[in-house]
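Trainee: Hi! I'm new to this one, could you walk me through it?
Mentor: Happy to, let's bring it up and start with your questions.

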Amino acid sequence: MTGNHVEDVAPQSKLKDDTNHNNNFSSFSIVGEEEENDNPIEEVRLTVPITDDPSEAALTFRTWSLGLLSCCLLAFVNQFFGYRQNQLYISSVSAQIVALPLGKLMAATLPTKIIKLPILNWSFSLNPGPFTLKEHVLITIFANCGSSSVYAVNIVTIVKAFYHRNLHPAAALLLSMTTQMLGYGWAGIFRKFLVDSPYMWWPANLVQVSLFRALHEKEKRPRGGHTRLQFFLLIFISSFSYYLIPSYLFPSITCISIACLIWKDSIIAQQIGSGFYGLGIGSFGIDWSTVASFLGSPLATPGFAIINILVGFFLIVYVMLPIAYWSNAFEAKRFPFISSHTFDSLGNPYNISRVLNIKTFDLDQVGYDNYSKLYLSVFFAFSYGLSFATLTATISHVALFHGKTIWQLWKKTTTAMNQLGDVHTRIMKRNYKEVPQWWFHSILILMVALALFACEGFDKQLQLPWWGILLACGIALFFTLPIGIIQATTNMQPGLNVITELIIGYIYPGKPLANVAFKTYGYISMAQALSFVGDFKLGHYMKIPPRSMFTVQLVGTVISSSVYFGTAWWLLTTIPNICDVDLLPEGSPWTCPGDDVFYNASIIWGVVGPLRMFTKYGVYGQMNWFFLVGLLAPLPVWLLSLKFPEKKWITLINMPIIIGATGGMPPARSVNYITWGIVGIFFNFYVYKKFKGWWARHNYILSAALDAGVAFMGIVIYFTLQSKDIFGPDWWGLGSDDHCTLAKCPTAPGVVAKGCPVL
């Protein structure tokens, strides 16, 4: 599930979204034949209605207008904030909540007159009647497309902002589009198994089904209280207004590190107290973007996941890291305490120009031999080891806790494929036309052809040869079904990023863009396929016409890919020195923390390569032991769960989440985890226990409103002030760091670093 940190943030956020229902999926029941007329999975029977009205409006003018607006807004906002110091992520839940009152408003005010399009011989009504649940679902699918980040944009960013090389915009756009849409091919091939089968039940979708049903229940304003919409607007206005302070007037309150304000001349004290560059003990932020950036909203994360993540954070950051650093493991004291940058043997920033052939843009072996091996901060090195462990721990955890159940479900799936299936499948086949298989195959062939053109054309700027594209597609095709079965039954998705970058790193070393492009085609096309299939299953449960579902997903993916790419290209070409922290003006938020990590990962895996990093030829060969550590880690928990079956809390100990807890660090910082954990525990334990009714009614709406307020104020400030180079008042609080400059200093004797004392 983890690999190169910036690419881990999205999967980790997805895991948190997906675990809202329950993590103990091995406890569900598969019923006998007498109940299979409904659905053999008890949770599905309790959540999903078995009724359908085929005449209910679905793909209407309201769907298109609100859906496209949601898709474009979320894509723009998420990419816009992706380059900022605090990377705020706005999920589709915000659009899901806001779309309901807007849809009802359109139904109440728009004329019902039929509009005819003479050339296409089409006709439609602006207002076909009451706003329906099916319209709401399709609008949310549009929003999902907009909220799903375009991984390939990271490649575009590092080429232009870090390597400072030209990249043809057509090649960049094709890269963004094809990596997102290849998944349709794999989705079409395997949808019969992963959607039609009642045993592939996709637990995360039950959360969405429950939320849709709750939103469409008739609501009365409680006495002395507010409707959900009124509550949303109150919090939105408050969040919008407040964010002016941390985003413009007083950025330093995003992280206040008490130790650094007291011990201004102590490196060790600042390493312990810095929320940005150290352990973060005594640090905090009073800014929602500090809480929700990188890790997502803690209000939407289930309590057991919060505890698992905090346990992992504590063990890794407060136990493993101090022991490794102060014992000088891997020459740790030569480098900063926590850093995502690369260094040479003397502790200087690694001079990539000395080992990279400028003309061919690949490794200069002579230059590398005459310069230095690649070194990392000890935390960054352990982050790679932990990513190895998370991958094997996920496989081991799924096999031990869910293996028997998955096998039972798969056997039932294969034996039931020639039957009519459960009631939901029968309703769908009876009431709606299927999506022809050739639609999927056509997209697959077209996307493979465009991917080959993008990589082989444009003077081979992306470096990946034709066989690399085909090999990446082969890996994605091979893994889509088994990983899809795991996700459809357990909500856990083992990631392919580690495997793909290892494979291409050994086969085709010294090529940074080839490495990241191969990883994107191999990993993201599989992840996109499962995202499409999961949405199809949601449509299956909500009785959405499959062709409408396909149309919305296809158009939403094309639009969102274009908006993500267009936003990134616009910012990269209009903001001077974007991503270059040394040259940006004071108070500028455009520090690109995630892309900085992605850039250094391209050096580690692409330029230098795994052979010179994680074998005897490099410094970090011992990190390979983490593969074995991860494989064995879930075993004690599984044995305890067998020995003490009455203690249900044991099954909530999730070793993949614990080991991968700090997968977002860097670019996430200690202060993000600390504030996220405090808020999450308060709402998901204290408020949930003491005020369960309030929590059930307002918790997710509070989360969406806080996100939306921050997002809109950030955009307003940029367009009205920052785009005109008008930054906040020049004073001590304008700095977007925590004033712990010494926390970044090495502590080994004789190492020279900018702004640091030589010990």
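Trainee: Which residue does a disulfide join to Cys579?
Mentor: Cys592, with the sulfurs 2.1 Å apart; a disulfide here is a pair of cysteine sulfur atoms within 2.5 Å. Before we go on, note that this is a predicted model: local features need pLDDT of at least 70, side-chain atom pairs count only at pLDDT 80 or more, and totals for chains, interfaces and linings use all residues. Residues are numbered from 1 along each chain as its sequence is written, and side-chain values use heavy atoms, with hydrogens and water left out.

Trainee: Is the link of Cys579 and Cys592 left-handed or right-handed?
Mentor: Left-handed, with -70 degrees about the S-S bond.

Trainee: How many disulfides does the count come to?
Mentor: The count is 3. Another one is formed by Cys260 and Cys740, with sulfur atoms 1.8 Å apart. The torsion about their S-S bond is about 110 degrees, so this disulfide is right-handed. Cys260 lies in helix H12 and Cys740 in the segment after helix H29, so the pair ties together parts that are 480 residues apart in sequence. Helices (H or I, at least four residues) and strands (E, at least two) are DSSP runs, numbered from the N terminus.

Trainee: And what does Cys745 join to?
Mentor: Cys756, with an S to S distance of 2.0 Å. That link is left-handed, at -85 degrees about the S-S bond.

Trainee: New topic: how many aromatic pairs does a search of the whole structure find?
Mentor: It finds 57. Rings of Phe, Tyr and Trp (its six-membered ring) pair if their centres lie within 6.5 Å; planes under 30 degrees apart count as stacked, over 60 as edge-to-face and the rest as tilted. Take Tyr384 and Trp605: their centres are 5.7 Å apart and their planes at 65 degrees, so the pair is edge-to-face. Tyr384 is in helix H17 and Trp605 in helix H24, 221 residues apart.

Trainee: Are Tyr384 and Trp605 buried or exposed?
Mentor: Both are buried.

Trainee: What else is found in helix H24?
Mentor: Ile604 is found there, and it is buried with a relative accessible area of 0%. Leaving aside neighbours within four places in sequence, its contacts include Thr342, Phe380 and Tyr384; contact means heavy atoms within 4.5 Å.

Trainee: Where is Thr342, then?
Mentor: Thr342 is in strand S5, residues 342-343, and is buried, with a relative accessible area of 5%. Its side chain makes a polar contact with the side chain of Asn600, at 3.5 Å. A polar contact is a pair of N or O atoms within 3.5 Å; within protein, one must be able to donate a hydrogen and the other to accept it, and residues adjacent in sequence count only if both atoms are side-chain atoms.

Trainee: Last one: how many residues of helix H6 are buried?
Mentor: 9 of the 10, so H6 is largely enclosed by the rest of the structure. Just after H6, His164 takes a positive phi of about 55 degrees.

Note on methods. Buried means under 20% relative accessible area, exposed over 50%, partly exposed in between (1.4 Å probe, protein chains only).
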